[in-house]
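Subject: Structure handover

Hello,

Here is the structure you are taking over. Please open it beside this message and follow the notes below.

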Amino acid sequence: MPATKLPLLLGPGWEAVTPHDVGPKLLWQAGSSLMVSGTDFSEPQELGEVGLVDCPIAYDPSRGLAYGYASPRGRQREDFSEFRAWHPEQGTVSRLFRLGLNQWALWMLRHLPRHDALLSLVATAMPGEGVNIQHQLGIYDLGKMRSLLVSLPRDAFLPLDVHPTRREVLFYGVEGYQVIEFTGKRLRRLGGPGLPEGRGGCYHPDGDKALLGGSGIVQWDLANDRLDPLHPRGHYPLWAPGGEGFWFSESSGDLFYYSLAEGRAERVLALAANAHPDIRHARAPVPTRDGRYLALCLTRRVKRSAGSAPDAPLYRHDHCLCVVDTLKRQVWQYPGPCRNAVWAEAADKDSPPFRR
């Protein structure tokens, strides 16, 4: 039985509409399963298990494949950790790269069309007393089917974004922000008090600026090494096309838009009856290539009633996958568990060729 749709609060000029097809399909994780559907959500299909590790899905438009990280679920006896490729149209799956024992892919999985490769953060449990985790940048060549693990500088803990044209990754850690080459060389560092808390970050389309999120949105001018506070609240920013503004969240259950020209933010949508919002489930919206449509996973946190089972969690979490048409200012939803949505778009005929 399908889940019940969640009530939405919409900003002025926005409307809720019936789900309809816009062309590209959507993939997302529902629990430990990978799902695919058109945006009318009439016939969602399960492609297979991916495990419970919160690692994004990447899509390769040139091959029509989705790449994901699969890991054991619960206490399965089989010990595996691997990248897999799913063919959404054929419903097939194959193994790409198997990781070593005590090794996991975390927080980032990106497809790099210019290099015909996958990029991921890999964590390895090292021998010794206590918890000793080494983070490395994993580069997986899809043409030659070989991998390279690159050691990272200290405190390169959380990857936020990949530069649009250069071989660089924006990281956050306890000591602040870093820009690191694919070779592992640190290029820039930003530290000190008052910085956002690393909940989201993204490069401007021209690559000369970056938005940093977490208890406020700040713009980092990389060319002049200058910080410009833009909004006192907000997490997980995403530049709108052309860089005239950006989308962001204040909790796991809402979406805002900030206009640079007007210098103000407006709420686009929010889940109603969300009296106990949190930020734990929030992620940046995922745009189509032209930026018109956004895919957004929303979560409402509801306190359980006094009559709940004694061992039940204090809060219940309700989820839905929303599609946002930024041109027509329309929103529709598919209720149910949702993480790590990605668009399955066809290859752009003007895309650059692979560059080694």
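**Charged pairs**

The structure holds 21 salt bridges, where a salt bridge is a side-chain nitrogen of Lys or Arg within 4 Å of a carboxyl oxygen of Asp or Glu. Before the details, note that this is a predicted model, in which local features need pLDDT of at least 70 and side-chain atom pairs count only at pLDDT 80 or more, while totals for chains, interfaces and linings use all residues. Residues are numbered from 1 along each chain as its sequence is written, and side-chain values use heavy atoms, with hydrogens and water left out.

Side chains of opposite charge can pair when their charged atoms come close. One of the salt bridges joins Glu-168 to Arg-166, with 2.9 Å between the closest N and O atoms. Glu-168 has 11% relative accessibility and so counts as buried; buried means under 20% relative accessible area, exposed over 50%, and partly exposed in between (1.4 Å probe, protein chains only). Arg-166, at 39%, is partly exposed.

With Asp-221 the N to O distance is 3.4 Å, and with Asp-228 the distance is 3.3 Å. Asp-221 is buried because its relative accessible area is 9%, whereas Arg-226 is partly exposed at 41%. Elsewhere, a network of salt bridges links Asp-54, Arg-283 and Arg-339.

**Aromatic rings**

How many aromatic pairs does the structure hold? There are 14 aromatic pairs. Rings of Phe, Tyr and Trp (its six-membered ring) pair if their centres lie within 6.5 Å; planes under 30 degrees apart count as stacked, over 60 as edge-to-face and the rest as tilted. Trp-107 and Phe-157 have ring centres 5.2 Å apart and planes at 55 degrees, so this pair is tilted. The pair links distant parts of the chain, 50 residues apart: Trp-107 is in strand 10 (residues 103-112), and Phe-157 is in the loop between strand 13 (146-151) and strand 14 (158-162). Strands (E, at least two residues) and helices (H or I, at least four) are DSSP runs, numbered from the N terminus. Trp-107 is partly exposed at 34%, and Phe-157 is partly exposed at 42%.

Another tilted pair is Phe-246 with Phe-248, at 5.8 Å centre to centre and 50 degrees between the planes.

**Around Thr-299**

Thr-299 lies in strand 27 (residues 293-303) and is buried, with a relative accessible area of 5%. The side chains of Thr-299 and His-319 are joined by a polar contact of 2.9 Å. A polar contact is a pair of N or O atoms within 3.5 Å; within protein, one must be able to donate a hydrogen and the other to accept it, and residues adjacent in sequence count only if both atoms are side-chain atoms. Not counting residues up to four places away in sequence, Thr-299 touches several residues (heavy atoms within 4.5 Å), among them Ser-252, Leu-271, His-281 and Asp-318.

Regards
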